[in-house]
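Subject: Model handover

Hello,

Please find the structure below, followed by notes on what turned up in it. The notes go through helix packing, the sheets, one annotated region and a few backbone details.

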Protein chains: 2
Amino acid sequence: MSIRTTSPAPRKRASRRSNTAPTIADVAREAQCSPMTVSRVINGEGNVREETRGQVQQAISKLNYSPNRAARSLAGGEQLRIALMFDNPSASYLSEFLVGALEEAGRIDAHLEVQSCESATEALPLMRKLAEGGISGFILPPPLCDDQRVLDLTKDLGAIAIAVGPGKAEGSHGAFMIDDFQAAYDMTQHIIGLGHVRIGFIIGNPEQVASGRRLNGYRAALEKAGIEPSDDLIVQGRFTYRSGMAAAEKLLALDQRPTAIFASNDDMAAAVVAVAHRIHLDVPNDITVCGFDDTAMASTIWPELTTIRQPIREMTAKAVAAIGRITRARRSGEKPKAEQTILPYTLVRRESDAAPSLAASKRNGAG
Amino acid sequence: MSIRTTSPAPRKRASRRSNTAPTIADVAREAQCSPMTVSRVINGEGNVREETRGQVQQAISKLNYSPNRAARSLAGGEQLRIALMFDNPSASYLSEFLVGALEEAGRIDAHLEVQSCESATEALPLMRKLAEGGISGFILPPPLCDDQRVLDLTKDLGAIAIAVGPGKAEGSHGAFMIDDFQAAYDMTQHIIGLGHVRIGFIIGNPEQVASGRRLNGYRAALEKAGIEPSDDLIVQGRFTYRSGMAAAEKLLALDQRPTAIFASNDDMAAAVVAVAHRIHLDVPNDITVCGFDDTAMASTIWPELTTIRQPIREMTAKAVAAIGRITRARRSGEKPKAEQTILPYTLVRRESDAAPSLAASKRNGAG
DNA sequence: ATGAAAGCGCTAACAT
DNA sequence: ATGTTAGCGCTTTCAT
């Protein structure tokens, strides 16, 4: 072992810092304390005197300091990586979904990984691979969160999964959703309030749990209003425009045709409008049409659709935040349990609903 | 100065590494070289012997190594922050846009900042603020890149701006786009090839430069085919469904009504289909309808639209990559100049086009 | 063509 | 309650 008795002359080395953004050290100097204390203040830890904390905070705002994300996650030892899975990305849903995720991810400095797939079956191996690659958690919009295998897999993997929307096996994973039952109930009640009695309903894809809930909400509102439910008026759809057309054709060919149709999503409602127009029914004067989701379609077509707005963006943002929270909790040894959170929806009234026409009322009354 | 003649007993300290992901040092050991050489290989730098490079690459794939992003940007000294501006986000456009950006950002480890705004006027102060906050560059989809003030501002700010789509003041900023003229030309030629002669055209929003180019493409194809252009057949729209309906009503009320209508985007084309259906025209047998963009609308409605597909996702990904490249070039003192890149489009043939019916041909021939 | 050393800005672990 | 030290994994700078 060679022991030097004279230190080598330390060469001056050009600093590598190009931008002059203040660092934690600058703040420490300004606040006359150590960088560590500044770090504690930044991270809201305890064990800092109020006075010191104040000085640090002042220094921070004086220097306009903001922590360097890269350094943070490097020193912190781990990075938050969140996988955004999506299959069947209805574009309008997807954009809201992505914007919400992106905003929150920026806030908490999470790294987003988008992963599109054609089906739940295809998603399975992808998810396994991502989990092995060290993904902190998955965000699952429908219909992925309606797939039992997907949910089982996340459990096997020990991965965090948060659904954006209702999903199978609730309780096994976190979720942010609206109350689909109540929303459909409200919409139906709104239509009843307009004076309609014969109200058609188009069910969504039977494999998604939201579909059943919306149907039940419709049924419950009818019952509450003392309206005899008629099986003729309830038609199966699959959330697609095409399925909406077929359903509308059935509904509008009925001897006593409905004066209103409530479709389980906007694409199907748009199809109802198209079919109605083709047989020269005016919307909303001859027939009221309501949708669900408030996707771009709802406000693109004419007349614009009365529909239910889900706060997709907010739901996704919260899902990202939740993964951050849960990951941190796990790291500190806790075992946080999955929580479902219900967010408020809005009934957006636009141009596609109205009171039933006199003629229609009479016809139904007479028939 | 105190000179120690004996090294202090170095305490063992628990490693802070929690995950066991391989590091550059692991690779170096495996490849029997220094971390520096590995770094060079990773970054595709020169001055590495082919043999060495091969060993390193083998080690990398053997260990399944992937570089730590945080460490990279920390050591690299600066972070790539890219602002995604959007105003009037047609949802289907937006989702493609975001997915493309997200994918590439993940690849080059850029931080994305989404910024939505209601208008170009509103965008101006936001952009100024972002630039002051140290944004590396802006990505501007239409109609923001059609606004002279926005472009001027980026210039004043000395910021990098990349348009996704054609924009005003070309040459002043980078852009990734398709050849709108040629695409419209091709589509028109396709319609002519089907046998149509009376072909209506609906112009897009006059404030977007794409609108003019598409119109010119239509005109050129007509001329090339020796078809006399008729002013009656060219109607102004604004890219919205509503404007498409108004235009379609005009076009379909013509004495000699067109046997085909080419709308400058899908929303307007969808409106044409709706109007046609209302007057019991079959699409495509009574009238051919074509769109542009291949947004979700095109494949949602029935019949699905024949349209032009722009590779939005790819365009945005390239825009992100370009900002990375330009930023790096600037840092090393170069002054890279803005480049426009034309990407290939596709004519997607679906169900909304057909040869003109005999009746229609005769009528037009007779009239 | 390759490597050693010195940080990048921050935090975990260990003092005090 | 606060400070010290030693990294996190990588790249830059400088030396060979």
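In chain B, the contact between α8(B) and α9(B) is made by D180(B), F181(B), A184(B), Y185(B), T188(B), Q189(B) and I192(B) on the α8(B) side. On the α9(B) side the partners are A210(B), R213(B), R214(B), N216(B), G217(B), Y218(B), A220(B), A221(B), L222(B) and K224(B). Sorted by class, these contact residues are nine nonpolar, four polar and four charged. Keep in mind that this is a predicted model.

As for geometry, α8 covers residues 180-193 and α9 residues 209-224 of chain B; their axes are 7 Å apart and the packing angle is about 40°. The two helices are therefore oblique to each other, and their crossing is right-handed.

Helix α8(B) lies across β6, β8 and β9 of chain B, and its direction is at about 170° to that of β8(B). Helix α9(B) lies across β6 and β7 of chain B, at about 165° to β6(B).

Those strands belong to an open sheet of four, ordered β7-β6-β8-β9 (chain B), with parallel pairing. At the edges are β7 (234-236) and β9 (288-290) of chain B, each of which pairs on one side only. On average, neighbouring strands of this sheet are turned by 15° against each other, direction ignored. Strands β6 (residues 199-203) and β8 (residues 260-263) of chain B run parallel and are joined by four bridges. Within this part of the chain, I202(B) is opposite A263(B) in β8(B).

From α10(B) the contact takes Y241(B), S243(B), G244(B), M245(B), A248(B), E249(B) and L252(B). From α11(B) it takes D267(B), M268(B), A270(B), A271(B), V272(B), A274(B), V275(B), A276(B) and R278(B). The class count for the contact of α10(B) with α11(B) is 11 nonpolar, two polar and three charged residues.

Chain B has another open sheet, of six strands, in the order β2-β1-β3-β4-β5-β11 (chain B) and with parallel pairing. Its edges are β2 (111-117) and β11 (340-342) of chain B; each has a single partner strand, so one side of each is left without a neighbour in the sheet. Neighbouring strands here are turned by 20° against each other on average, direction ignored. Strand β5 (residues 174-177) of chain B pairs with β11(B) in the parallel sense over three bridges, and F176(B) stands opposite T341(B) in β11(B).

- α6 (residues 120-132) of chain B touches β1 (81-87), β2 and β3 (137-140) of chain B, and its direction makes about 150° with that of β2(B).
- α13 (residues 312-331) of chain B lies across β1, β3, β4 (160-164) and β5 of chain B, at about 165° to β4(B).

Turning to chain A, an unreviewed UniProt entry lists residues 22-76 of chain A as "domain: HTH lacI-type". In the model, residues 22-76 of chain A are 69% helix and 0% strand, with the end C-alpha atoms 20 Å apart.

Also in chain A, the axes of α2 (residues 35-42) and α3 (residues 50-63) come within 10 Å and cross at roughly 85°. This makes α2(A) roughly perpendicular to α3(A). The contact joins T37(A), V38(A), V41(A) and I42(A) of α2(A) to T52(A), R53(A), V56(A), Q57(A) and I60(A) of α3(A). By class, the residues in the contact of α2(A) with α3(A) are five nonpolar, three polar and one charged.

Finally, some backbone details of chain A that may matter when you set up the model:
- V283(A) and P284(A) are joined by a cis peptide bond with omega of about 10°; P284(A) lies in the loop between α11 (266-278) and β9 (288-290) of chain A.
- The peptide bond from W302(A) to P303(A) is also cis, with omega near -5°; P303(A) is in the loop between α12 (296-300) and β10 (307-309) of chain A.
- F239(A) is not a glycine, yet has a positive phi of about 75°; F239(A) is in the loop between β7 (234-236) and α10 (241-252) of chain A.

Regards

Technical notes: Residues are numbered from 1 along each chain as its sequence is written. Chains are lettered from A and ligands numbered from 1 in the order in which they are written. This is a predicted model: local features need pLDDT of at least 70, side-chain atom pairs count only at pLDDT 80 or more; totals for chains, interfaces and linings use all residues. Side-chain values use heavy atoms; hydrogens and water are left out. UniProt positions are given in the numbering used here, feature names are shortened, and annotations may be inferred rather than shown by experiment. Axes are lines fitted to C-alpha atoms, for helices over the stretch in contact, and angles run from 0 to 180 degrees between N-to-C directions. Angles under 35 degrees count as roughly parallel, over 145 as roughly antiparallel, 65 to 115 as roughly perpendicular and the rest as oblique. A crossing is left-handed if the near helix is turned anticlockwise from the far one by less than a right angle, and right-handed if clockwise. Contact means heavy atoms within 4.5 Å. Ala, Val, Leu, Ile, Met, Phe, Trp, Tyr, Cys and Pro count as nonpolar, Asp, Glu, Lys and Arg as charged, and the others, Gly among them, as polar. Two strands pair if DSSP finds at least two bridges between them.
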